[in-house]
Amino acid sequence: MQTHLGSGGGAEPAYPISSVDNALRLLRLFNERDTLRLTDACSYLGVAHSTAHRLLAMLVHHGFVQQDPQSRTYRPGPTLLEIGLAVVEKSDVRTKARPLLAALAEQFNETVHLMALDGTRVVYLDCVEGRRAVRVAPRTGSVLPANCTSGGKALLAELSDDRLRALYADSAAIVVQTDRSLSSLLLLMAALQEVRTSGYATNYEESEESVGSVAVALHDAGGTAVAAVAVAVPTTRFSQAIRKEIASALLQRAKELKL
């Protein structure tokens, strides 16, 4: 019997349940968009307004989706993050990367983060802190716009320009955190070209004031970028020399580690 593969790679079931299928398709859509309007859901699924509303209401009920009370748009909810982190906890990514995080934290005595790309955002998976009294706080479990972080830019630079245009087709996907954040796709793509040339990404107060960082992508054995590691430093000691020293160490260590 011939089977058909869906976007997730599994065989299409013999007796699909349309409501479950539609709900899961909506969740997958958040991989490409930060927010979703009710009209977007109707158009994407090809269903009536009332049907899309009921589906989203159920996803909100279980915490998979949240609705902004002002804009009425929908965004990923805490349950999605909890499930994602639980899966990561059980995966090899954190286990394999942990010694690298610890070694970098020991070398530079600064906070080191591990993160993964989720659409146009990054999810912070793990962290090892330095011992300095003044240091960058850990962000494990946080989600930030990828365009505002060094790790996010390191991972976005691994994507093709066509893929980037698709991800940021909606201008609202470019989220600004500070007045130094990259505020347009044109600026972001120019920055990503620099990342591709140098092999590493930097962030100077783009996600948070007084915080800078340097990051590189980490690859699996097949050469696919699956995570990024970033060394975060208060800007009071984030000199050009320190940036270059961190970048050199990250590039060398990234070559030695395959996730």
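Predicted model: local features only at pLDDT ≥ 70, side-chain atom pairs only at ≥ 80, totals over all residues.
Figure 1. The partner of arginine 165 is aspartate 162, with 3.2 Å between the closest N and O atoms of the salt bridge. Helix α7 (residues 161–167) holds both residues, which are three residues apart, about one turn of the helix. Aspartate 162 counts as exposed, at 59% relative accessibility. A search of the whole structure gives 13 salt bridges.

**Figure 2. The salt bridge between glutamate 208 and arginine 139.** The closest N and O atoms of glutamate 208 and arginine 139 are 2.8 Å apart. This pair links distant parts of the chain, the two residues being 69 residues apart. Glutamate 208 lies in the loop between β6 (201–204) and β7, and arginine 139 in the loop between β4 (121–128) and β5 (143–145). Arginine 139 is buried at 13% relative accessibility, whereas glutamate 208 is partly exposed at 38%.

**Figure 3. The salt bridge between aspartate 118 and arginine 121.** The closest N and O atoms of aspartate 118 and arginine 121 lie 2.6 Å apart. Aspartate 118 has a relative accessible area of 24% and is partly exposed. Arginine 121 has 16% relative accessibility; the limit for a buried residue is under 20%, so arginine 121 counts as buried.

**Figure 4. Strand β8 and the strands paired with it.** Of the ten residues in strand β8 (residues 225–234), eight are buried, so the strand is largely enclosed by the rest of the structure. Strand β7 (residues 211–219) runs antiparallel to β8 and is joined to it by nine bridges; in one of these strand contacts, histidine 219 has alanine 225 of β8 as its bridge partner. Five residues separate β7 from β8 in a hairpin, and glycine 223 in the turn has a positive phi of about 90 degrees. Strand β3 (residues 111–118) also pairs with β8 in the antiparallel sense, over five bridges. Valine 112 has valine 231 of β8 as its bridge partner.

**Figure 5. The surroundings of serine 213.** Serine 213 is part of strand β7 and is buried, at 6% relative accessibility. Its side chain makes a polar contact of 2.7 Å with the side chain of serine 150. Beyond neighbours within four places in sequence, the residues in contact with serine 213 include Ala201, Thr202 and Asn203, as well as Val231, Ala232 and Phe238.

Key
Residues numbered from 1 in each chain as written. Heavy atoms only, no water. Buried < 20%, exposed > 50% of the residue type's maximum accessible area, 1.4 Å probe, protein only. Helix = DSSP H or I, 4+ residues; strand = E, 2+ residues; numbered from the N terminus. Pairing = 2+ DSSP bridges. Polar contact = N/O pair within 3.5 Å; in protein donor to acceptor, adjacent residues only side chain to side chain. Contact = heavy atoms within 4.5 Å. Salt bridge = Lys/Arg side-chain N within 4 Å of Asp/Glu carboxyl O.
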